Amino acid sequence: MEKEYNFKTISEYNSFNNHETLHPLVSVIDFSKANKRTGSKMNFDLYCIFLKDVKCGDLKYGRHNYDYQEGTLVFVSPGQTIDVENKVDVYQPMGHGLVFHPDLIRGTSLAKVLGDYHFFSYHTNEALHLSSKERQLILDLFQKVKSELEQSIDKHSKKLVASTVELLLNYCDRFYDRQFITRETANKGVLENFEELLNGYFKSEKPYTIGLPSVAYCAEQLHFSANYFGDLIKKETGKTAQEFIQEKIIDVAKDKIFERDRSVSEIAYELGFRYPQHFIRLFKKRVGHTPNEYRILN
């Protein structure tokens with residue numbers, strides 16, 4: 001039977017990896033100190049940044065599988081589960097990790113911006129692939145946190161650790177921007193596939209059965225997490241994925257408006273709007289005229 005672990009506190013995760021708890025809200029992990037293990041399911045109520053140096057099985061992250069590569073940086077946020085499959089033989093974990101409880105950042109500047117780091121919601125197949133120089137910088141920042149934890153805890157500890165974690169996340173943000181560029185070949189065709197997906201959507205019965213296409217729906221169809229997909233489209237086009245979808249809705253709407261036998265309400269329902277007034281509002285916002293005004297002007 002597969003083992004399952006629930007990590008709610010730093011001390012629980014430290015115990016699992018044979019580490020002393022130096023601070024109740026944060027820890028730096030050296031996985032080489034952990035006992036040998038087999039694959040298992042792990043549920044986290046913690047933020048985790050893992051830099052693994054050994055293949056530890058196929059990760060199942062939500063409904064998606066990922067053939068884990070060595071030397072990638074993976075991010076986990078509270079409430080997420082990682083399931084290590086196809087690893088029945090015993091292996092020695094290797095690598096490093098930074099783990100912190102949400103309470104660590106409460107009242108800090110990091111708490112206000114943590115939601116801006118979308119990579120905590122990326123799938124594992126969208127993990128950060130580090131260069132050797134980037135890897136060393138991450139390890140240096142892990143070490144800075146560890147050095148602070150080895151000091152006596154005082155009123156400055158929380159602020160110093162949180163600011164170092166924020167610095168680390170800012171570097172990761174930069175590295176992801178670099179990855180969007182350097183992996184251009186891998187991402188090539190995403191826009192074309194997005195466009196094709198939307199074209200097919202509006203030619204089908206899906207607007208009637210599903211409604212308007214959402215970013216989450218499009219991302220799932222193209223095998224991305226919603227946040228990664230949104231960031232990728234923004235990087236490629238300068239527009240959000242939602243703006244891209246809205247532009248397609250307006251393009252399709254304009255074609256339908258020229259078909260005089262259709263009323264504005266009929267067009268709205270054909271596009272997937274539940275209420276025609278929502279369509280009219282969006283059209284006027286994007287075009288500058290209501291659908292009827294646009295029909296008359298053209």
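Predicted model: local features only at pLDDT ≥ 70, side-chain atom pairs only at ≥ 80, totals over all residues.
Let me begin with two helices, α3 (residues 132-149) and α4 (residues 157-182), which pack at an angle of about 170° with their axes 9 Å apart. Here the axes are lines fitted to C-alpha atoms, for helices over the stretch in contact, and angles run from 0 to 180 degrees between N-to-C directions. The two helices α3 and α4 are therefore roughly antiparallel to each other, a label given to angles over 145 degrees, while under 35 counts as roughly parallel, 65 to 115 as roughly perpendicular and the rest as oblique.

Residues are numbered from 1 along each chain as its sequence is written, and side-chain values use heavy atoms, with hydrogens and water left out.

Which residues of α3 meet α4? On the α3 side they include Leu-137, Ile-138, Leu-141 and Phe-142, and on the α4 side they include Leu-160, Val-161, Leu-167 and Cys-172, where contact means heavy atoms within 4.5 Å. By class, this contact of α3 with α4 has 13 nonpolar, two polar and four charged residues; Ala, Val, Leu, Ile, Met, Phe, Trp, Tyr, Cys and Pro count as nonpolar, Asp, Glu, Lys and Arg as charged, and the others, Gly among them, as polar.

Cys-172 is also buried, with a relative accessible area of 0%, and buried means under 20% relative accessible area, exposed over 50% and partly exposed in between, with a 1.4 Å probe and protein chains only. Cys-218 is likewise buried, at 0%, and the structure holds zero disulfides, a disulfide being a pair of cysteine sulfur atoms within 2.5 Å.

Stepping back to the chain, there are 13 helices and ten strands, where helices (H or I, at least four residues) and strands (E, at least two) are DSSP runs, numbered from the N terminus. Buried residues make up 47% of the 298 residues in the chain, and among contacts between residues at least 6 apart in sequence, 73% join residues at least 24 apart.

Now to the strands, and to β9 (residues 95-100), which is joined to β2 by five bridges, the two running antiparallel; two strands pair if DSSP finds at least two bridges between them. Within this pairing, Ile-29 has Gly-97 of β9 as its bridge partner, and Asp-30 stands opposite His-96. Strand β4 (residues 47-52) is joined to β9 by six bridges, again antiparallel, with Lys-52 partnered by Gly-95. Four of the five residues of β2 are buried, so β2 is largely enclosed by the rest of the structure, and β9 is mostly covered, with five of its six residues buried.

I will finish with backbone angles, and most residues other than glycine have a negative phi. Where does Asn-18 lie? Asn-18, with a positive phi near 60°, is in the loop between α1 (10-16) and β2 (26-30), and at 37% relative accessibility Asn-18 counts as partly exposed. His-223 has a positive phi near 65° and lies in the loop between α8 (215-221) and α9 (226-237), where, at 57% relative accessibility, His-223 counts as exposed.
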